[in-house]
Amino acid sequence: MNKKITVTLPLLPDLQEFIPYLEDIWDRKWVTNNGFYHKELEKKLAEYLGVEYISLFTNGTLPLITALQALEIKGEVITTPYSFVATTHSLLWNGIKPVFVDIDPKTCNLDPEKIEAAITPATTAIMPVHCYGIPCDVEKIQAIAEKHNLKVIYDAAHTFGVKIGGKSILEYGDMATLSFHATKVYNTLEGGALVVRSAEMKQKIDFLKNFGFAGETTVLAPGINSKMDEVRAAYGLLNLKQVDKAIEARKVVSDLYREGLKDVKGIRILAEPQGVRNNYSYFPIFIDEKEFGMSRDALYFKLQEDNIFGRRYFYPLISTFSMYKDLESARPENIPVATRIAEEVLCLPIYYGLENQEVERIIDLIKKR
Ligand code: T4K
């Protein structure tokens, strides 16, 4: 049997290099609550990502929840059904009603042309996702937000290191969140961050992620506990040193798939965004069953017989889950593009360490079908 290949593998720092960091943490006996490595990682990430104010979190979901709290978002928020459930769960955790708007098939991101029709007097914000690390139409979204006086919170979980025209994608919107989960381009095992626009807001976020404490005896708000500990922050510092190498390796995989699959009838590949520093976080393909001669699910399971485990991100659509499906905006006829794309998508394995011959094997299997 061929070696098992999964959709991703975590980028792990060298264990021997990690041990001195652990010894130092043991010596310091300071293991969490804004420690040395936490501060150091915030500083290094701000430099690497090209942002001014960043606050570390324990995962990529709590920054979404906290952003909504900090901006006091209420009522309705316009968002995409084509994402990981964490995006809209963050709205439900804040008692906010998600309003789903359809996506653009060329990017899989919120279709800006469809946003305005979904705005009501109760709308307070837009929560777009840069799906697969491909930037949303940030200019159009900004213009709509300004016209209607809405906040914009980007779920940028997939966009570590992505830049448009040399500027970090995280600089757009009122706030942007990141996930450093094991499956992401850059990981701290579990982890995440919130990028904000001012020192005052960073201070507020730092209070909110520590129960709302502003000093030993003062609590300013009903905050949560979502602080990153020292072990993960140290691990994050080490992983930051190799993330560029990992992105380069992902590009090689992405180029091989693009070349190998470009003429296969019935397979659509997203165009590589122009003027963008991509991070190659996912490699989705879209299967037209009639033209390809096999359904997406049939291909998904056929590859599994050969020990290749792609994933159908993002199927099923968020809007089909029981806590969302009764919303008017969740009806398939209101989000036809997302509904179709979710039936067509298959994300192929892509990660640092995936060998060229393994990519070729996957391409051959798909071509043979
Ligand atoms: N917003 C967006 C747009 C997101 O995509 C996500 C997370 C979030 C917000 C929330 O961020 P976090 O709170 O998670 O930081 C995975 C991840 O758990 C999740 O982080 C991610 N999105 C989502 C798209 O994918 P699953 O359920 O598919 O993961 P799992 O455990 O099936 O792993 C996938 C594959 O990765 C495995 O088949 C093999 C490999 N793997 C995974 C882990 C955990 C490893 O090789 N080693 C590992 O330790 O959700």
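**Notes on the loop, the ligand site and the cavities**

1. Pro 316 sits in the loop that runs between β14 and α11. Helices (H or I, at least four residues) and strands (E, at least two) are DSSP runs, numbered from the N terminus. Please bear in mind that this is a predicted model, in which local features need pLDDT of at least 70 and side-chain atom pairs count only at pLDDT 80 or more, while totals for chains, interfaces and linings use all residues. Residues are numbered from 1 along each chain as its sequence is written, and side-chain values use heavy atoms, with hydrogens and water left out.

2. That loop deserves a look for its backbone. A cis peptide bond links Tyr 315 to Pro 316, with omega about -5°. The bond from Tyr 313 to Phe 314 is also cis, with omega near 15°, and Phe 314 belongs to the loop between β14 (308–309) and α11 (336–344). Elsewhere, Asn 33 has a positive phi, near 60°, although Asn 33 is not a glycine. Asn 33 is in the loop between α1 (15–28) and α2 (36–49). As background, most residues other than glycine have a negative phi, and most peptide bonds are trans.

3. Which residues come nearest to the ligand? Thr 61, Asp 155, Ser 179, Arg 311 and Tyr 313 do, out of 25 around it (a residue is near if one of its heavy atoms lies within 4 Å). By class, this shell has 10 nonpolar, 12 polar and three charged residues. Here Ala, Val, Leu, Ile, Met, Phe, Trp, Tyr, Cys and Pro count as nonpolar, Asp, Glu, Lys and Arg as charged, and the others, Gly among them, as polar.

4. The largest pocket has a volume of about 410 Å³. Its lining has 28 residues, and Phe 84, Ser 179, His 181, Thr 183 and Lys 184 are the closest to its centre. At least two lining residues come from each of α4 (86–92) and β15 (345–348).

5. There are two cavities of 30 Å³ or more. The largest holds about 140 Å³ of space; of its 15 lining residues, Ile 134, Arg 258, Asn 278, Tyr 282 and Pro 284 are closest to its centre. The lining has 10 nonpolar, three polar and two charged residues. The second largest cavity holds about 50 Å³, and residues lining it include Leu 9, Lys 184, Arg 250 and Tyr 352. Volumes are the space filled by probe spheres set on the points, which are joined across faces, edges and corners.

Notes
On a 1 Å grid over the protein atoms alone, a cavity is a set of points where a 1.4 Å probe fits but cannot get out, and a pocket is an open set with protein on both sides within 12 Å along at least five of seven lines; lining residues have an atom within 4 Å of a point.
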